[in-house]
Amino acid sequence: MSRPEAMDRVVNLAKRRGLIFPSSEIYGGFRSTWDYGPLGVLLKRNVKEAWWRSMVQLRDDVVGLDAAILMAPKVWEASGHIATFTDPLVDCRSCQERFRADQLPASGACPKCGAKDSFTEARQFNLMFKTFVGPVEDDASVAYLRPETAQGIFVNFPAVQTTSRRKPPFGIAQIGKAFRNEITPGNFTFRTREFEQMELEFFVPPDEGNKWFEYWCAERLSWYTDLGIPENHLQLRRHAAEELSHYSAGTADVEYDYPWGWGELEGIANRTDFDLTQHAKFSGEDLTYFDPATDERYIPHVIEPSAGADRATLAFLLDAYSEEEVRGEQRVVLRLDPRLAPIKVAVLPLSKDERLSPVAHEVSDALRQGFMIDYDETRAIGRRYRRQDEVGTPYCVTIDFDTLDDRAVTVRERDSMNQDRVSLDKLVPYLSERLPR
Ligand code: GAP
């Protein structure tokens, strides 16, 4: 199967099985926006949960935050977003389509209509979405939807540092929506105008910036491999000096080998003291840290691993998708790490026979306390296994007529398709052992 074909199949599966749908579809969709359906919302929550667990829960040097999306407009002046968060925009004079000037093909031909040298002069286009706060739509009421969650962390630095009694090196982590009026959204959920970020701002003494930058590059790469993405599908690409954002002294992207080629999954930047210095200047507040151990006062430097929840979800989905032949039949399997799988266990009574139903409900009631489960009693058991395989359910529990006598069930594992007979009183520990958090 070619790579574009694999992409089509994943997009198709995502729609067919309730993972990801085009948004506003009954109105014909809306400009590359997507909705996560019943299984997609579980998958993306698991991605975010895995990030939070690794970045906050398992560390004693990171605390969490959930800042507002709408912030004082001065924040965006201080951060440099009003002045510099722009992309160069050109129009094709022939077909009127808009493009990013820095993404045009070297041939100079319009990617849509093929016209040669038909582009207007590039003009800078600010990517922030503007809105108005309150009933009057004038310059004084302009506000912006945040284009990154990071600034909510910077402006809360003194409040979080003092209330959580942390000293650098320590980090503040946040997961939340961000908005960018992208000129060319596309590639499914890869580039959209509304997306979710998982960002850590890690505050360190000024002379420790480089050390922590390297630490976070290694740490973040291993987060993806630990959750099942093979090393050869990932690379760390260090930015050349001319590519760096206005705030960065060094950036490396974690890239994934998407079906259309290498693309950014996550950016890791050494933001130095840029943001805190700017906010101190624009707000007039003291954003320094005083270290009583050394009697020194300084503005911490910041290392920022910034990941996209939607891009990570897409990469896990693409990587997990596989097709294989089993006894002459095609099987689609999402080989998702069990921690990411939307449904952990499917409870499948062999038939709708009324003798099986009470035990099957007893099993599902016991399992749903600890796991996200699905209960499915329609169609042949083989068909039901396939339905679970294609959404990545790691275990299926089948209740059959023997269960009524031996109080045991058959547990089938997704990848090997091996089956174990497990007694009902051992079922929860059996699954807990195999479904780590
Ligand atoms: N605070 C730094 C920052 O926002 P970024 O590289 O612009 O850095 C970080 O964004 C991550 O957010 C990206 O690596 C990507 O995963 C995600 N992201 C950025 N723009 C996106 C978009 N238009 N659609 C989906 N995800 C996006």
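This section describes the sheet, the helices packed on it and the cysteines of a predicted model.

The sheet is open and consists of 7 strands in the order 3-9-10-16-13-12-11, with mixed pairing. Its edges are formed by strand 3 (62-64) and strand 11 (234-238), each of which pairs on one side only. From one strand to the next, the twist averages 25 degrees. Within this sheet, strand 9 (residues 170-179) and strand 10 (residues 194-204) run antiparallel and are joined by 10 bridges.

Helix 7 (residues 209-226) touches strand 10, strand 11, strand 12 (251-258), strand 13 (261-272) and strand 16 (301-308). The direction of helix 7 makes about 150 degrees with that of strand 13. Helix 9 (residues 309-320) also packs on the sheet, where strand 10, strand 12, strand 13 and strand 16 are touched. The direction of helix 9 makes about 35 degrees with that of strand 12.

With a cut-off of 2.5 Å between cysteine sulfur atoms, the count of disulfides is 0. Cys92 is buried, at 1% relative accessibility. Cys217, with a relative accessible area of 2%, is likewise buried.

Technical notes
Residues are numbered from 1 along each chain as its sequence is written. This is a predicted model: local features need pLDDT of at least 70, side-chain atom pairs count only at pLDDT 80 or more; totals for chains, interfaces and linings use all residues. Side-chain values use heavy atoms; hydrogens and water are left out. Two strands pair if DSSP finds at least two bridges between them. Helices (H or I, at least four residues) and strands (E, at least two) are DSSP runs, numbered from the N terminus. Axes are lines fitted to C-alpha atoms, for helices over the stretch in contact, and angles run from 0 to 180 degrees between N-to-C directions. Contact means heavy atoms within 4.5 Å. Buried means under 20% relative accessible area, exposed over 50%, partly exposed in between (1.4 Å probe, protein chains only).
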